[in-house]
Each structure stands twice: as C-alpha cells, then as structure tokens.
Amino acid sequence: MKRLKKMKLFSGVLAASLMLAACSSNETGSDTKKDDTKTDNKEETVTLVYARGKDVTKGTSEMVKAFEAKHPNIKIKFREMPADTGQQHDQYVTAFNAKSSEIDVIDMDVIWPAEFAQAGYVLPLDRFIEQDGIDLNTYNQGALAASQFNGKQWALPKFIDGGLLFYRKDLVKEDEIPKTWDDLIKQAKAKKGQGGTKFGYILQAKQYEGLVCNTIEFVASYGGAFIDENSNVVVNSPETIKGLKKLVEIAKSDFVPGNVTTFAETESDQAFIEGQTVFLRNWPYEFASANDPSKSKIVDKVGIAPLPAGDKGSAAALGGWQAGINKYSKHPKEAWEFLKFMAGPEGQKIDAIHGGHAPTITSLYQDQEILKANPTFGDKGFVEGLNSAVSRPVAPNYPEISEIIQIEVSKAIAGQQTVEEAVKNMETQMKAKLVK
C-alpha cells in the first residue's frame with residue numbers, strides 16, 4: 001500500500017514537472033530557437049581547401065579576403081601547388097584517382113578540363129549555373145569553350161592568355177602593322193636589319209607545346225581545325241593544309257632566325273628585348289618584359305596588335321586558367337559559392353588589379369580601376385587579340401594529341417615531309433588515339 005502511494009506521488013511529480021517544462025518551453029521558445037540557430041551556424045562553418053600554383057602576387061590573398069568577408073561561414077585554406085604545371089597536374093591526378101576529398105576547388109590549366117571531366121575528377125557545373133542564372137555570354141567564348149566537354153560545363157575561366165603580335169613602334173608605322181600573314185611576310189622582309197635588328201619575325205618553332213600554339217593560330221586563321229566539338233578528327237582539310245603551308249613558309253624564310261626550331265618563349269623574349277627583331281609572336285607578359293628598364297633595350301618602343309589574319313580572320317591560341325570543383329568534395333555547395341565569386345566579376349576584378357591577370361569577363365576591360373592598375377588592358381590591340389583566342393584541341397588525352405602535332409609539324413618544317421603528308425599522318429594517328 002505504501003509502495004502504491006509512493007508510485008502515485010512520483011507519477012504526480014513527474015507529470016507536474018513535464019507540464020512545467022512544457023510551459024517553460026512555450027514561454028521561452030523564441031530564445032531557445034535563437035540559441036539553437038547560433039549553435040547551428042557555428043556548426044555549419046565550412047573550411048574549403050583551394051589549390052593552385054604559386055602566386056607571387058597578392059591576387060589570391062586579396063580575393064580570398066573579400067570572399068570570406070561576404071561569406072563568414074565559409075573559410076578558405078589556400079594550398080600552394082608546384083609552379084611546374086606538369087608536376088601540379090600529376091599531383092591532382094594522384095589525389096583524385098584515390099578519390100581524395102582533401103581538396104575542394106582547383107585551378108586547371110586551360111588544356112586539362114576535358115581530361116579531368118573524362119576521368120571523373122570534377123563536377124559538372126551546369127545545374128549550379130542554371131540555378132544561379134549565370135550568363136555565360138559575358139565570358140570570352142574561346143576561354144569558355146576550353147572548359148566544355150561532351151556538352152557540359154566543367155569549369156569557369158578565371159583569366160586568359162592569348163598569342164599576340166608585338167612590334168617595334170619606332171620601326172613600324174601605324175599603317176604598316178600587318179593585317180594578314182602575307183602582310184607580315186612583306187613587312188618582315190622589308191624591315192629586317194632596320195634599327196640594328198637581325199630578324200624580321202620570331203615565332204616559337206621548337207618541338208614543344210609552344211609549337212602547337214603557333215600551329216593552332218595559323219590553322220584556325222585559315223578556317224582549319226584538328227578535332228571538332230563532337231570529338232571528330234577533322235585535321236585533313238584544305239583549310240588546315242593552307243594554314244600549315246603558311247606556317248612552314250614563314251618558319252623556313254630568311255627573315256626568321258636560322259635556328260628558329262630551337263626557339264621557345266624564353267629565347268623569343270630575349271631576342272626581342274635585345275632589339276634583335278622587328279616583329280614577335282608571344283604571350284601578353286611580353287609587354288611588361290619589353291618595358292622593363294632593368295633588362296630591355298626597347299623600353300617605350302613596343303606596340304601590340306592581334307596576330308595576322310588568314311582567310312578566316314585572326315586567331316590566337318588560348319592560354320590561361322580555369323576553376324573547377326573536385327567531384328569528391330564534401331562541400332560542393334560551398335565550393336560553388338567560392339568558385340562563382342572567384343571566377344565572377346568581383347573576383348576577376350580583384351585578380352586583375354592585384355594579380356595582373358587578364359579577365360575572361362569582357363566587360364571588365366572597361367573598368368577604370370582595372371585600367372589604372374594595368375594600362376595594357378586598355379590597349380585596343382591587346383583586347384582584340386584576346387577576343388580572337390581559340391582553344392587547343394579538346395580531348396581527354398590532350399598530351400598525346402599535342403605530341404602528334406609537335407612531331408608531324410616539326411618534320412614538315414624540317415622538310416622531311418610535305419604538309420599534305422603531315423596532315424594525313426596526324427589524321428591517322430589522332431583517330432587511333434581517340435578510339436574509345
């Protein structure tokens with residue numbers, strides 16, 4: 001009996017306690033919710049690892065600082081990768097083959113997206129782009145095309161490089177700037193030797209990636225291509241043959257160095273800043289190099305123009321970097337927020353001002369703060385040159401395709417085979433390499 005009374009007493013106390021707790025919960029519900037929200041926010045803070053090559057400028061740090069100020073719940077940990085792009089590429093491949101989620105966002109060389117997409121290393125961005133209404137028409141279309149594969153968008157272009165024509169303003173008048181490759185041949189022959197120069201024109205004809213870039217520019221300017229957007233090998237065409245013949249004609253001319261097949265970017269730059277050539281094909285950094293008084297003999301004598309045109313206009317080989325998301329990232333939503341900011345107008349503006357990189361969003365070339373920091377970006381020839389940029393062949397095994405082009409074009413320049421033979425050989429070998 002006593003035990004029963006005790007149990008009833010306990011039940012009554014318990015019920016009263018529960019009622020009190022319920023009332024207390026109702027009265028202070030908003031406060032409790034606030035506390036829970038604070039706890040959730042704290043728990044939702046995410047740290048992303050962003051990997052890219054060494055940055056000797058303040059571009060990356062300033063961009064990250066601005067992003068974190070706008071997104072206090074997302075922290076960015078910068079991981080510096082090797083400056084050598086080959087080593088950088090191999091480290092990514094090793095990590096992603098192991099399905100590592102350690103890195104969230106990466107910078108990709110312009111020739112990597114197709115390979116990384118095919119291998120399943122990166123996330124397609126289409127649903128993010130559609131959901132946030134990103135207008136891809138605001139981007140340089142050549143840079144954008146380099147990040148597309150099998151009808152999907154695998155990255156967004158961060159900054160762009162493109163082949164440009166540099167010339168001596170003290171030797172070349174405004175109306176003498178070559179508009180076509182035939183104009184270049186005429187001017188290079190006529191002006192070779194003027195102003196102490198030894199050569200009329202220099203290009204990168206060594207058997208390496210730079211030769212592929214030069215080749216792309218000649219071929220595309222005549223309407224040719226190597227691989228089309230549907231991954232078909234289309235190298236064996238009259239347009240490609242015509243472009244390659246013009247390249248071979250110039251590379252074997254008497255107005256380029258006799259050893260031009262040993263020239264890469266370094267040798268080309270050195271010859272130009274020493275005043276040895278009237279015209280030069282190189283990347284945008286050449287303008288700064290040629291105007292560096294500590295090493296250049298041609299300071300304030302440098303002009304920029306788009307590369308000469310073929311039958312179909314001017315074409316510049318596309319260079320630059322893209323940003324993508326690791327497929328195995330545990331934070332894809334936050335990774336997209338960072339990528340969207342970094343490759344968007346605000347992130348690119350910061351990088352242009354503090355990092356000196358040429359934006360891929362074309363409207364930024366009218367931004368006065370950017371132009372004040374980098375007057376070259378306002379140069380008409382610079383902008384027109386970048387706008388004519390075309391991507392290199394988009395293929396998941398691009399290094400193998402590049403090697404085929406390098407070898408066969410080098411043989412044509414050396415006179416070991418005709419251009420027609422080179423094109424047939426490339427067609428056969430590329431088809432074999434692209435067989436799935």
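Here are some questions and answers on the terms used for this predicted model.

Q: What makes a local feature or a side-chain atom pair count here?
A: Because the model is predicted, local features need a pLDDT of at least 70 and side-chain atom pairs 80 or more, while totals for chains, interfaces and linings use all residues. Residues are numbered from 1 along each chain as its sequence is written, and side-chain values use heavy atoms, with hydrogens and water left out.

Q: How do you know what confidence the predictor has in the protein chain?
A: By its pLDDT, the predictor's confidence in each residue on a scale from 0 to 100. The protein chain averages 89, and 90% of the residues score at least 70. Over residues 1-41 the pLDDT is below 50, and this stretch has 1 contact in the model beyond near neighbours in sequence. Where pLDDT is low, the predicted coordinates should not be read in detail.

Q: Why is Asn387 called partly exposed?
A: Buried means under 20% relative accessible area, exposed over 50%, and partly exposed in between, with a 1.4 Å probe and protein chains only. Asn387 has a relative accessible area of 46%, so it is partly exposed.

Q: What is Asn387 in contact with, leaving aside its neighbours within four places in sequence?
A: Asn387 lies in helix 16 (residues 380-387); helices (H or I, at least four residues) and strands (E, at least two) are DSSP runs, numbered from the N terminus. Contact means heavy atoms within 4.5 Å, and Asn387 is in contact with Asn140 and Thr362. The C-alpha atoms of Asn387 and Thr362 are separated by 8.5 Å.

Q: Why is the pair of Trp112 and Trp321 called edge-to-face?
A: Rings of Phe, Tyr and Trp (its six-membered ring) pair if their centres lie within 6.5 Å; planes under 30 degrees apart count as stacked, over 60 as edge-to-face and the rest as tilted. The ring centres of Trp112 and Trp321 are 5.5 Å apart and their planes lie at 85°, so this pair is edge-to-face. Trp112 lies in the loop between strand 3 and helix 5 (113-119) and Trp321 in strand 11, so the pair ties together parts 209 residues apart in sequence. Both Trp112 and Trp321 are buried.

Q: What aromatic pair do Trp112 and Phe116 form?
A: A stacked one: the distance is 5.7 Å centre to centre, with 20° between the planes. Trp112 and Phe116 are both buried. Tyr92, Phe96, Trp112, Phe116, Tyr121 and Trp321 form one aromatic cluster.

Q: What makes up the lining of the largest pocket?
A: The lining has 39 residues, and Phe159, Asp161, Tyr285, Trp321 and His357 lie nearest the centre of the pocket. On a 1 Å grid over the protein atoms alone, a pocket is an open set of points where a 1.4 Å probe fits, with protein on both sides within 12 Å along at least five of seven lines; lining residues have an atom within 4 Å of a point. The volume of the largest pocket, about 1100 Å³, is the space filled by probe spheres set on the points, which are joined across faces, edges and corners.

Q: Which residues of helix 14 are buried, and what do they pack against?
A: In helix 14 (residues 345-355), the buried residues are Gly347, Gln348, Ile350, Asp351, Ala352 and Gly355. They pack against helix 3 (59-70), strand 6, helix 13 (332-342) and helix 15 (368-373). Gly356, with a positive phi near 75°, follows helix 14.
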